[in-house]
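Work through the exercises below with the sequence and the 3D structure at hand. Try each task before reading its solution.

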Amino acid sequence: MRSDGFRSSANHMQHGDVSVMKHSIRVAKTAIGLSHKLGIKVSERDLVRGALLHDYFGYDWHGKKVGLYEIIHFYKMHGFTHPGTALKNAERDFDLNNRQRDIIKKHMWPLTIKPPACREAWLVTMADKYCSLMETLRIHH
Ligand SMILES: [Fe+2]
Ligand SMILES: [Fe+2]
């Protein structure tokens, strides 16, 4: 959390007025909370690291609005491509293990045809969908 890379994600907006950094911290907290609520045993270190880096794609994906076609095209592409970009950036800046890689790579499931391969990745994909919806509807606190 103290790294320059992670801190720069405060400048990238994710949903509405929520930065990637804020969104990622929220997803980590929600996923940990879910694991407690559901009584699912997890590696909390992997869960938190994966969640914090799941959107580590490093650009502001709202900056590219041009026309309606470009908006639709870019939003569609972003959904498919950003997990791969996030993983590439995370590998460059941090030491990841396979579980952390799986969390980042699969968090957009079912867009990423292959389903999550560990409990931690399932929890993050659920937490991400929940947080994204709340942030898009602006009912987060
Ligand atoms: Fe994402
Ligand atoms: Fe996300």
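This is a predicted model: local features need pLDDT of at least 70, side-chain atom pairs count only at pLDDT 80 or more; totals for chains, interfaces and linings use all residues.

Residues are numbered from 1 along each chain as its sequence is written, and chains are lettered from A and ligands numbered from 1 in the order in which they are written.

**Exercise 1.** State how many helices and strands the chain has, and their order.

Solution. Helices (H or I, at least four residues) and strands (E, at least two) are DSSP runs, numbered from the N terminus. The chain has six helices and two strands. Along the sequence they follow the pattern α-β-β-α-α-α-α-α.

**Exercise 2.** Describe how helix 3 and helix 5 pack.

Solution. Start with the geometry: helix 3 (residues 44-53) and helix 5 (residues 98-106) pack at about 35°, with axes 8 Å apart. Axes are lines fitted to C-alpha atoms, for helices over the stretch in contact, and angles run from 0 to 180 degrees between N-to-C directions. Next, find the residues: helix 3 contributes Asp46, Arg49, Gly50, Ala51 and Leu53, and helix 5 contributes Arg99, Gln100, Ile103 and Ile104. Contact here means C-beta atoms, placed from the backbone, within 7 Å.

**Exercise 3.** How is helix 5 oriented relative to helix 6?

Solution. Helix 5 and helix 6 (residues 119-136) pack at an angle of about 30°, with their axes 8 Å apart. Helix 5 is therefore roughly parallel to helix 6, a term for angles under 35 degrees. Arg99, Asp102, Ile103 and Lys106 of helix 5 meet Glu120, Ala121, Val124 and Thr125 of helix 6.

Terms used:
Two residues are in contact if their C-beta atoms, placed from the backbone, lie within 7 Å. Angles under 35 degrees count as roughly parallel, over 145 as roughly antiparallel, 65 to 115 as roughly perpendicular and the rest as oblique.
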